[in-house]
Every structure is written in structure tokens, then in C-alpha cells.
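Here is a friendly look at one annotated site and its surroundings. Please have the viewer ready.

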Amino acid sequence: MTEFAVWAPNPRIVRLDVDGTMHEMTRSDDGWWRAEVTCPDDARYGFVLDDDPKVLPDPRSPRQPDGVHERSQLWQPAPGAWTDAGWAGKSIAGAVIYELHTGTFTPEGTFDSAIEKLDYLVDLGVDFVELMPVNAFSGTHGWGYDGVLWYAVHEPYGGPDGLVRLIDACHARGLGVLIDAVFNHLGPSGNYLPRFGPYFSAGENPWGSSINLSDADADEVRTYIIECALRWMRDFHADGLRLDAVHALMDNTAIHILEELSAETDTLAEQLGRPLSLIAESDLNDPRLITPRDRGGYGLTAQWDDDIHHAIHTAVSGERQGYYADFGSLQTLATTLKNGYFHAGTYSSFRHRRHGRPLDTTTIPATRLLAYTLTHDQVGNRAVGDRPSQRLTFGQLAVKAALALGSPYTAMLFMGEEWGSSSPFQFFSSHPEPELARATAEGRKAEFAEHGWDADEIPDPQDPATFQRSKLNWDEVGEGEHGRLHAIYRRLIALRKTEPDLADPWLDHMRIEFDEAQRWIVMQRGALSIACNLGAEAVKIPVTGEVVLAWDEPGTESGMTVLGGHSFAILRTVNPLSTD
């Protein structure tokens with residue numbers, strides 16, 4: 001006998017359809033409906049609510065073989081599918097994380113084809129693979145942030161069995177796996193949750209109705225989220241989650257859902273005997289997210305740090321539009337690298353208000369923040385999805401890499417960054433509903449037309465060519481300057497693991513000097529100095545030493561290092577910078 005259960009306080013009657021046969025369900029006072037049925041282990045099932053004959057998928061569906069609008073299917077991994085019993089896990093502190101989108105990482109766009117690239121990632125030196133959302137969403141391809149069945153795995157990628165194979169293969173190679181989880185909103189196609197219960201509140205966030213985290217009946221909704229998060233780590237052996245846009249989780253209860261999830265994750269980690277990580281994407285610059293729970297924080301492992309991205313990108317590229325307006329100077333870059341946040345209770349011209357709160361760098365290590373020069377957001381949310389590699393020199397890309405990978409922060413790369421991929425990463429979707437498809441395309445064009453873009457230049461998200469253009473071109477990896485940049489990334493990542501000074505997580509131990517006019521900056525970390533020339537002309541920098549790694553071989557003159565334009569050098573320092 002198999003027990004089927006669904007939380008559905010809204011309908012008067014709930015019936016269970018198993019392989020086309022209808023069964024009555026019994027309701028308990030807490031709004032749960034249950035029925036026990038004898039059926040095959042791979043039975044397809046769904047629920048019929050009140051008088052509507054449509055069979056709806058299970059909100060906790062383990063598999064959706066025919067898409068998010070159809071019946072669910074029972075699923076368990078095949079016996080012997082897991083071979084990672086010896087996997088002890090690993091900490092993300094100071095690690096290098098590799099963010100990838102399954103559908104565009106390889107030509108085939110599947111979990112199994114991604115397995116074929118894992119040895120490449122091991123050779124590159126990364127520690128973790130971070131998968132953009134793999135939950136079930138409508139259509140064949142998309143970014144994944146419009147998921148509607150959070151417990152199920154997107155079938156075109158390979159479904160749950162394919163995800164098991166990928167994670168098991170990662171662990172066999174010593175790679176940890178993080179999964180991007182979206183708990184702040186649901187997609188527009190296939191979202192049947194409101195039919196079942198009060199999953200949404202009266203509030204709104206940028207993507208629609210807010211999830212009900214603190215209104216009536218919120219306890220079951222919170223449990224729905226927490227059980228889903230734990231499922232990825234327990235049932236799929238993931239080593240942690242990246243939590244999408246946590247600032248959009250509207251929760252006014254005394255124990256924020258992030259704190260509750262953090263505590264539950266720590267409990268699961270203790271049960272499993274391996275570390276589990278929660279990484280927040282947050283727009284708040286709020287240290288409470290990464291402050292331990294016993295000190296009044298939420299106890300998350302780490303958070304994305306967009307200030308670091310903005311400071312590096314603008315200083316190197318010269319861009320200043322939109323939220324880049326407050327960034328661009330070397331002073332801003334130095335302040336951000338030294339303090340973790342740039343906006344820390346300071347005025348943000350983009351927001352027209354004060355923003356953020358200072359980070360206590362004496363108690364919170366830098367490894368709780370992620371440094372990166374690229375993410376799916378920072379490419380895909382641009383009007384045409386263009387990468388920095390399509391505008392900057394390879395030397396400028398190398399300088400950005402040296403600043404991020406040479407910093408004390410936990411590092412993250414976005415797929416293809418390491419060789420300066422020429423492929424864009426554009427916004428793409430495949431909504432099967434004509435009206436939704438048209439609205440998505442027209443909305444994208446209108447959004448950027450308001451900012452001065454020619455609407456005809458904006459790629460149509462629904463055009464299959466937009467998706468195809470976004471796939472990586474692996475033939476570039478060893479070619480010319482692409483190959484040279486790739487080699488630099490490998491060396492930079494290796495240095496993080498072989499040089500003790502680069503493993504020091506305390507920002508107070510790092511010294512920074514810069515020259516705004518000459519466009520050079522030096523991060524001194526113990527005996528190592530990461531010297532970068534962000535300008536196009538050669539400069540003399542008042543630090544010398546043995547060259548450990550460089551983009552262009554530096555010279556020396558009068559006790560100073562001469563760096564060519566758009567280049568960097570890591571020096572084992574003879575004359576360290578003076579103390580701050």
C-alpha cells in the first residue's frame with residue numbers, strides 16, 4: 001500500500017487519481033487529505049479538486065514526466081544508483097564555485113552531458129558546481145527561476161535519475177554540488193498552488209504575489225519550503241543551496257524563515273555527518289544573514305556580494321549606468337575589497353536612500369562573502385545578454401580574475417568566464433501558451449526600450465535561436481588568447497590552494513594601496529602582493545619581488561615594478577607596502 005497525502009484546506013472535496021482510477025480521500029482537521037492505495041512503484045497520479053475534472057499534479061511531486069500541467073509520478077532512485085557512501089562533503093569557506101546552467105553548459109543541455117565535462121572542471125581546480133535551478137518549470141528550456149513544482153526535477157535535463165547520476169559523478173571526482181533554489185515566487189505557467197491552499201499572501205514582490213510566510217496558515221507553507229530545501233540535500237545528496245533573492249522573502253515573524261531553515265540544515269548536516277551550506281543572494285548588505293544564530297543572526301553560511309562585482313567590473317570596464325553609478329573609482333574598489341560591502345549605511349544614488357550596514361570584519365571572515373566578476377544575472381539581465389569578454393581586452397579580463405581570485409573571499413565563476421567565452425547568455429524561455437509567450441517577448445522589449453535601447457535589438461526570449469546562441473562554444477577553450485586566459489585561471493585557482501597567505505580569511509590582515517590617477521591597485525596578502533594595472537598605459541608600482549604569476553611579464557625600474565597596460569602580477573614581495 002502507498003499512502004498519498006496532500007495539504008489542501010481550500011477545496012471541499014479532494015479525490016485521488018492513480019493511473020486513471022479515482023479514489024476517495026479523507027480530510028483531517030489540519031487540512032491534509034490522505035488515502036492508501038495499492039499501486040505500482042512508478043504509478044502516475046494527481047488530485048481532482050471539487051467539481052473541476054482536471055487532474056492536478058502533486059504540489060510535492062517527485063517527478064513530472066509529461067510536464068508541469070500533467071499527472072505526477074512516484075519516484076525513488078534505482079537500487080545502487082548512489083555510489084557516494086564515502087563522500088565526506090566539504091566546506092565552501094574559501095572554495096571556488098562554478099555556476100552553470102544545465103541547458104547551455106553543453107550542446108546537449110542535459111545532466112548526462114554535463115558529466116562529460118566534470119574532468120575539465122577538476123582540472124580547472126574548482127571545488128563546487130553550482131547548478132542554476134533544476135526544479136520543474138513549464139516548457140523545454142529557460143533559466144529555471146519560473147519553477148512551479150519545486151520538489152520535481154526538470155525532465156528535459158534528465159529528470160531526477162539524471163540529477164542523481166550527475167551529483168554522484170561529481171562526488172566521485174571530489175566536487176561538491178550546490179543547487180539554486182527559488183522560494184520567493186512561482187512561475188506563471190503551471191502554478192496550481194492557490195487551488196490547494198493559501199500559499200500566497202496579499203503582498204507583492206517584483207515577480208508577483210509574495211509567498212505566505214507569516215499570514216494565516218503560514219506554518220504549512222513554511223514547512224513546504226523547508227522540506228523542499230532539505231529534500232535536495234538529503235534525497236539528492238546536494239552539499240548545499242544557493243537561495244535566490246532572499247530579500248523578497250517577506251517574513252515578519254519572530255523567527256525568520258532563513259533562521260529556521262539554517263537551524264534545520266545544521267540538524268540535517270549533523271545527521272548526515274557532512275557539512276551543508278546555505279548561500280543567500282541578497283540585495284540588503286545585511287550582515288545578519290551570515291552572523292551566527294547564537295549572536296542574533298540567521299546563521300547562513302555565506303552570501304553573494306554584488307558590491308564586490310560592481311566595484312571590480314566598473315573599475316576595469318568604465319561602465320557607470322544604472323546601479324553601477326556609485327562605483328568605478330579605485331577608491332571605491334579598495335573600500336569594497338577591504339570592507340566587504342561598499343554600501344554600509346551609506347547613501348545609494350541608485351536607490352535614493354541609505355543602504356546596507358557595516359560588516360564586522362573582526363568577527364566575520366571574508367569567506368562568508370562570495371566574490372565574482374560574472375554571474376548569470378550580471379550577464380543575462382543585460383539588454384542583449386553580452387559578456388564582458390565581448391567588450392573588454394583579454395588583459396582586462398585577467399585583471400578582473402586576479403582581483404576576485406586573489407582576494408580573501410570565497411570565489412565564484414560563471415561558466416565560460418575562465419576562457420573569455422564569446423557566447424552571450426541571453427534571457428530565454430519556452431512558454432507553450434501563445435499569450436504568455438507573446439507577453440514575455442513584448443515585456444522584455446518594452447522594459448529595455450524605456451532605458452533607451454532599440455526594441456529591435458532585444459533578443460526575443462521565445463525564439464529558439466536565443467537559447468542556442470547562449471550555449472557555450474567549447475572549441476574556444478584552447479584557442480589563442482582564450483587558451484592563455486584559461487591557463488591564467490587555472491594558475492590563480494591553484495595558488496589559492498598552495499599559498500597559505502591567500503587562504504587567510506581575515507580582511508584586517510590585508511593591506512591595499514592604489515593610485516587613482518595612474519590606475520593601479522595592489523592587494524598585499526602576507527608576503528604576496530597582487531598588483532594590477534587597470535589602465536591602458538604602463539605604470540610603475542612601488543612594490544617589487546619574485547614574480548609568481550603574471551599576465552604580461554613585468555619589468556623593474558628604480559626599485560619599482562613596471563606593469564604594462566591591462567595586466568597584473570603576483571609578487572612574492574621584497575619591499576611590502578607600508579602598514580595602513
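A polar contact is a pair of N or O atoms within 3.5 Å; within protein, one must be able to donate a hydrogen and the other to accept it, and residues adjacent in sequence count only if both atoms are side-chain atoms. With that in hand, the side chains of Glu-281 and Arg-242 are joined by a polar contact of 3.0 Å.

## About the model

This is a predicted model, in which local features need pLDDT of at least 70, side-chain atom pairs count only at pLDDT 80 or more, and totals for chains, interfaces and linings use all residues. Residues are numbered from 1 along each chain as its sequence is written, and side-chain values use heavy atoms, with hydrogens and water left out.

## The annotated pair

An unreviewed UniProt entry lists Asp-244 and Glu-281 under "active site"; such annotations may be inferred rather than shown by experiment. The two span 38 residues in sequence, yet no two of their C-alpha atoms are more than 5.3 Å apart, so they gather at one spot.

## Asp-244

Asp-244 counts as buried because its relative accessibility is 8% (buried means under 20% relative accessible area, with a 1.4 Å probe and protein chains only). The side chain of Asp-244 also makes a polar contact with the side chain of Arg-242, at 2.9 Å.

## Glu-281

Glu-281 has a relative accessibility of 11%, so it too counts as buried. Setting aside neighbours within four places in sequence, the contacts of Glu-281 (heavy atoms within 4.5 Å) include Arg-242, Asp-244, His-247, Trp-304 and Asp-377.

How values were computed:
Buried means under 20% relative accessible area, exposed over 50%, partly exposed in between (1.4 Å probe, protein chains only).
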